[in-house]
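Please open the model in a viewer and keep the selection tool at hand.

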Protein chains: 2
Amino acid sequence: MLGILGGMGPMATVDFLRRLVELTPALRDQDHLPCIVAQATGIPDRTRAILGEGSDPLPALEAALRQLEGAGATCIAMPCNTAHHWHGALQARTTRPILHIVDAVADTLMRSRAGDAPVGLLASTGTVQAGLYVERLARRGIACRVPEDQEAVMRAIRLVKAGALAEAGILLSASARSLLASGCGQVVLACTEIPIALRESDPELRLRLVDATEALAEACLRACSRPLAAARLAA
Amino acid sequence: MLGILGGMGPMATVDFLRRLVELTPALRDQDHLPCIVAQATGIPDRTRAILGEGSDPLPALEAALRQLEGAGATCIAMPCNTAHHWHGALQARTTRPILHIVDAVADTLMRSRAGDAPVGLLASTGTVQAGLYVERLARRGIACRVPEDQEAVMRAIRLVKAGALAEAGILLSASARSLLASGCGQVVLACTEIPIALRESDPELRLRLVDATEALAEACLRACSRPLAAARLAA
């Protein structure tokens, strides 16, 4: 059974669960993937910890992992990009596989990319500072680039956490457009708060966005679905 | 910690979690209510069981309850109206309080009602047949009335479970309007699939709808929130 280590933030987890339901080919409740979700809102801020400004989230991440294991989870997903800084430490503490969100994004990019243009990265300052995407995408031959005004992206992420979606959407659209204008082929929404604010963005822009939340949901369905759904997703 | 016995259906649980996040006064992740969610999609169909056409969901409901208890839940909510037919049986099997969705709706109605007009009920055929609302609202002096074409409501609920929201919305709007035309003062959306399909309905109609999902989310915040949120909700 899929276990979701969530709450980072809580609306991002809701958004992830929505994608999981929407992406499942289903006519009735019983066709959907059962899962257990820890909406662990108390986990200390990941970006602050990476920047050396806040407490270590690892103990709280591990406590949520134990809750999920205790409830019977056999495969874990974390719908928070920045928390993947602790992916290795968490994986070392459990025998259950923890899907990696950057690998899920890389799989999506390998299918959708045309040419060698770098991809743009809209991510938390923690994710950027920790080099989570740069290193892991480089292994797949994909270069990536961050916005000149990274501070605006982080401000937008905090606005989403406070429920100010429209204001956040304006900042994030501008950052995405400026990455595309600088020569990026696609822009990865590499923080699970970001797609919540860009849901209403214009269709032409959306075509060039790669959504990490959706990529992780697809990876979960591939890893955990019954044959029908898996076959449809592979098609 | 709040435990959510969900998956009935899975999108209804997502909708409930969204309300819980949106209704919480919060600026950052850590202001939100932590919770544990069993997305228990395999629970047998509640309406079929009440109509004597399907297997008993109680063992699967109890298994999900045990998962939540094991993960540390101290208060339980079930975002599925029909499942409340087994509320008494589940409550007898645990010392943790299980909030009752009809009581949450009754609290909302006591605050918002003007006059003695009956309330209309859009609910699954299981909820109607089991008399879940009629009896429990009568104790609070509230009469309720079901649509003439109950079969259309049940058809719409199954459409939501299959993802056909627009088609379901047309059926449900018509049923709500006909209850209001027959003299009901308000219409209770007494199945957690229903508000998902009526989200885009016209504002004038929406003003006369009482949403059981939202009522249950408010009851959870009152029961489980820290003082700040509780004070704001009481205001």
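Which residues of α8(A) are buried? The buried residues are A:Q150, A:A152, A:V153, A:M154, A:A156, A:I157, A:L159, A:V160 and A:K161; buried means under 20% relative accessible area, exposed over 50%, and partly exposed in between, with a 1.4 Å probe and protein chains only. The model is a predicted one, in which local features need pLDDT of at least 70, side-chain atom pairs count only at pLDDT 80 or more, and totals for chains, interfaces and linings use all residues. Residues are numbered from 1 along each chain as its sequence is written, chains are lettered from A and ligands numbered from 1 in the order in which they are written, and side-chain values use heavy atoms, with hydrogens and water left out.

**Helix α8 of chain A**

Select residues 150–161 of chain A, which form helix α8. Helices (H or I, at least four residues) and strands (E, at least two) are DSSP runs, numbered from the N terminus. Because nine of its twelve residues are buried, α8(A) is largely enclosed by the rest of the structure. Its buried residues pack against α2 (46–50), β4 (119–122), α6 (125–130), α9 (165–181) and α10 (194–197) of chain A. The end C-alpha atoms of α8 in chain A are 17 Å apart, in agreement with the 16 Å that twelve residues should span at 1.5 Å a residue; the expected span is 1.5 Å times one less than the number of residues. Next, select A:G163, which follows α8(A) and has a positive phi, near 85 degrees. Most residues other than glycine have a negative phi, and most peptide bonds are trans.

**Two cis peptide bonds**

Move to the bond from A:M8 to A:G9, which is cis, with omega near -15 degrees. A:G9 lies in the loop between β1 (2–6) and α1 (10–23) of chain A. In chain B, the bond from B:M8 to B:G9 is cis, with omega near -10 degrees.

**A buried histidine**

Select A:H87, in helix α4 (residues 87–91) of chain A. Is A:H87 buried or exposed? A:H87 is buried, with a relative accessible area of 10%. Its side chain reaches the backbone oxygen of A:I98 at 2.8 Å. Not counting residues up to four places away in sequence, A:H87 touches A:I98, A:L99 and A:H100, where contact means heavy atoms within 4.5 Å.

**The nonpolar cores**

Select A:Y133 and B:Y133, which have the most contacts inside the largest nonpolar core, a set of 121 residues. Such a core is a set of buried Ala, Val, Leu, Ile, Met, Phe, Trp, Tyr and Cys residues joined through side-chain atoms within 4.5 Å. A second, separate core of 43 residues includes A:A38, A:A64, B:W86 and B:I98.

**The two chains together**

Display both chains. Chain A can be laid on chain B with an RMSD of 0.0 Å by a turn of 180 degrees and a shift of 0.0 Å along the axis, copies being superposed by least squares on the C-alpha atoms of residues with pLDDT of at least 70 in both. That is the relation of a two-fold axis. To locate the axis, select A:V37, the residue of chain A that comes closest to it, at 2.4 Å (C-alpha).

Finally, view chain A as a whole, with its 13 helices and seven strands. Buried residues make up 59% of its 235 residues.

Methods: Polar contact = N/O pair within 3.5 Å; in protein donor to acceptor, adjacent residues only side chain to side chain.
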